[in-house]
Amino acid sequence: MHIRTEFPYETVREDVRVPLADGTSLYARVWRPVTEEPVPALLEYLPHRLGDGTGPRDRQRHPWYAGHGYASVRVDVRGHGNSGGLPGDAYGDAGVADGVAVIHWLAQREWCSGRVGMFGISWGGAVSLRLAAAAPDALRAVVAVCSTDDGYDNGGPYWGGSVSSDLHARAAGLLAAAAEPPDPEIVGDGWKAMWLDRLESLDPLVHTWLAHQTRDAYWSHGSVREEYGAIRAAVLAVGGWHDPYRDTVLRLVEHLDPSRVRGLIGPWPHQYPDRGRPPGPSIGFLQETLRWWDQHLKEKETGVMSEPLLRSWISGSHPPATRYETLPGRWAGDASWPSANITAVTYALRGGERIVRSPQQTGLDAGRISPCGNDADLPPDQRDEDAKSVAFEFPVEGAPVEILGRPRVRLRLTLAVPRGQVVARLCDVAPDGSSTLVTRGALNLAGRHGRDRAEDWPPGTTEDVTFELGGIGHAFAPGHRIRLAVSSSYWPWVWPQADSAGFTLDADGSLVELPVRRPTEDPAPVFGEPVFGEPEQAEPLGEAVPATLDGDPPERRIVRDLARGEWRLEADPRPGGTRFRPDGLEITEDALDTFTIQQDDPLSARARSDRTVRLHRPEAAWRTEVTTRSETGADATHFVTWDEVVCRDGDEIVFHRTWEKRVPRTAG
């Protein structure tokens, strides 16, 4: 990592408030170059609290952009951080309407040229795409990183049409974040009244998300997937093969105007590609985005639109591990998508009828749904998972089999019960027998005719079902075997159906289709040869993180109760502990997600999330604490949720509320 301290422009920073039409104001931090000439503005617009949440990351990139001649602006959304108003639905319209107003406000500043770009990761990238679909005149370019175009699936609260345990964990995290107070250092003496107003408005999003178990109008309305044609801004779509949102990149380069879109997919987790979080290699991402901004906001010819439509990393075969510093592989370029370099190659399954009845704990070795570069994020050796599945193998002979895109399976199934799910995993099996997960997909069988409906399976009947696995770039080495493993459960990624009795798979009527890429003259034909610059950032914030006396707890721990037949996964989502900011703010966070299930009882699945956040300014004698506990379970007919929020100002409890709700199981 190169830390840059000298730039073409000197910069200044100021905190401002952006007024909205209803009288609400949003808190913003602006880094600007010192120049008499108006410059384009770059907007990052998030609910993640710029004052104490994203401060270190903001410091890496916003001053860097300002030093290169852009006004770089970070804004807290309504009801979060130090912005006014009340928190709302993450998929609602208020955030988009406010974002359009912020863009108009920026374009009208005397220091702005009237052209605005927008960037962000995860929620920030998704809202950038939604704002691009709203098409405000000033918004000319977008960089969307690890972002979804579909709020329902594709890394959303549902996976393959099934309720994901991430629905529970994500809603729990958002509840805790929405309960955090504004900072009196920023908003003044009115901070407590603002905080109490927010707290009174809280309603756990788990209620809303579970109320929409199919891809209905609620999800469609909040998904750019329904509005590709409305996007006029130039879009650089960026993802990582270890990020749940990677398929968004493939869909955007397929459906947007090729003259206004480019895609980039690396080996990365759910992180900006310059942050050095494994797996790498990381790249000079800020330099890449500067070329994008210069091209579309300053009308400089930088060559970005002469690049291939899609640049992607093709990983080579590698042993299974929960963390890789750097993966073997190379960069590939494709001028179109779907690519003329790719052919669908069918591998027929063989072996007659096979009973698939996986234990309910199948999936405990799935890894984290949204890896962030932690030591235990990625799936370990899959041999134990494969043993709980029905597997089919295909030898790789002579030359590598290189795939790029989304594999597809067609499975002929017979069910004895009305509901169930099927999970397919593609693994790379080395000569020593180790099994590395390559990609996977799932299908809620109630959604086999469309995710917008739930249809029972007529018991005792046979149907062919087809679904795609997640996109991937991977080269299977000669001497290895391609393994397709099929299971009927995948906890905690997929919430088990009430009658999870498995199914019969007719292998002779089933197949897997791989997107095989032919050898081409790519930007870097030699494995491992870099084609991007070195990662570069501005000076770090200078946050102090003291070592803990007892050391860090395990990131992921599996506990088995032999007598009860119960399995428990304890996951620390990180980061946690205490951090000291240069402005005197002390931040302490503790979090734990726990998922339990009995190996023979699908109704025993339980999820629990505990969160504690303490904010402390010793010199100002200000100390607050937010503690939340969220639990989700299910019986045969309903999901059952329970949430608690306790907030303290000093030692005084200023807010305490619990919610309990039963939500009918319509599809999940």
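The model is predicted: local features need pLDDT of at least 70, side-chain atom pairs count only at pLDDT 80 or more, and totals for chains, interfaces and linings use all residues. Residues are numbered from 1 along each chain as its sequence is written, and side-chain values use heavy atoms, with hydrogens and water left out. The count of salt bridges comes to 66, and the structure holds 0 disulfides.

**Helices**

- Helices (H or I, at least four residues) and strands (E, at least two) are DSSP runs, numbered from the N terminus.
- Helix α1 spans residues 55-67, has 13 residues and reaches 18 Å from its first C-alpha to its last, close to the expected 18 Å. The expected span of a helix is 1.5 Å times one less than its number of residues.
- Because 11 of its 13 residues are buried, α1 is largely enclosed by the rest of the structure. Buried means under 20% relative accessible area, exposed over 50%, and partly exposed in between (1.4 Å probe, protein chains only).
- The buried residues of α1 include Arg-57, Asp-58, Arg-61 and His-62, along with Trp-64 and Tyr-65.
- Just after α1, Gly-69 has a positive phi of about 95°.
- Helix α4 covers residues 165-178; its 14 residues reach 20 Å from first C-alpha to last, close to the 20 Å expected.
- α4 is mostly covered, with 10 of its 14 residues buried. Among them are Ser-165, Asp-166, Leu-167, His-168 and Leu-175.
- Ser-164 caps the N-terminal end of α4, where a side-chain oxygen of Ser-164 lies 3.0 Å from the backbone nitrogen of Asp-166. A polar contact is a pair of N or O atoms within 3.5 Å; within protein, one must be able to donate a hydrogen and the other to accept it, and residues adjacent in sequence count only if both atoms are side-chain atoms.

**Salt bridges**

- Side chains of opposite charge can pair when their charged atoms come close. A salt bridge is a side-chain nitrogen of Lys or Arg within 4 Å of a carboxyl oxygen of Asp or Glu.
- Glu-402 forms a salt bridge with Arg-330, and the closest N and O atoms are 2.6 Å apart. This pair links distant parts of the chain, 72 residues apart: Glu-402 is in strand β17 (residues 401-405) and Arg-330 in strand β13 (residues 329-334). Both Glu-402 and Arg-330 are buried.
- Asp-334 and Arg-517 meet through their side chains in a salt bridge, at 3.2 Å from N to O. Asp-334 lies in strand β13 and Arg-517 in strand β24 (residues 503-517), so the pair ties together parts that are 183 residues apart in sequence. Asp-334 is buried at 0% relative accessibility, and Arg-517 is buried with a relative accessible area of 3%.
- Glu-463 and Arg-448 form a salt bridge with an N to O distance of 3.0 Å. Since Glu-463 lies in strand β21 (residues 462-468) and Arg-448 in the loop between β20 (435-444) and β21, the pair ties together parts that are 15 residues apart in sequence. Glu-463 counts as buried at 19% relative accessibility, and Arg-448 counts as buried at 14%.
- A network of salt bridges links Asp-247, Arg-406, Arg-408, Glu-468 and Glu-513.

**Cysteines**

- A disulfide is a covalent bond between the sulfur atoms of two cysteines. The cut-off used here is a pair of cysteine sulfur atoms within 2.5 Å.
- Cys-112 is buried, with a relative accessible area of 6%.
- Cys-146 is in no disulfide, and the nearest cysteine sulfur, that of Cys-372, is 9.0 Å away. Cys-146 counts as buried at 2% relative accessibility.

- Asp-76 lies in strand β5 (residues 71-76) and is buried, with a relative accessible area of 0%.
- A polar atom of the Asp-76 side chain lies 3.5 Å from the backbone nitrogen of Arg-49.
- Not counting residues up to four places away in sequence, Asp-76 touches Leu-26, Tyr-27, Leu-46, Arg-49, Leu-50, Gly-81, Asn-82 and Ser-83. Contact means heavy atoms within 4.5 Å.
- Val-545 lies in the loop between β25 (536-538) and β26 (556-561) and counts as exposed at 53% relative accessibility.
- Leaving aside neighbours within four places in sequence, Val-545 is in contact with Thr-578 and Arg-579.
- The C-alpha atoms of Val-545 and Ala-138 are separated by 40 Å, and these residues are 407 residues apart along the chain.
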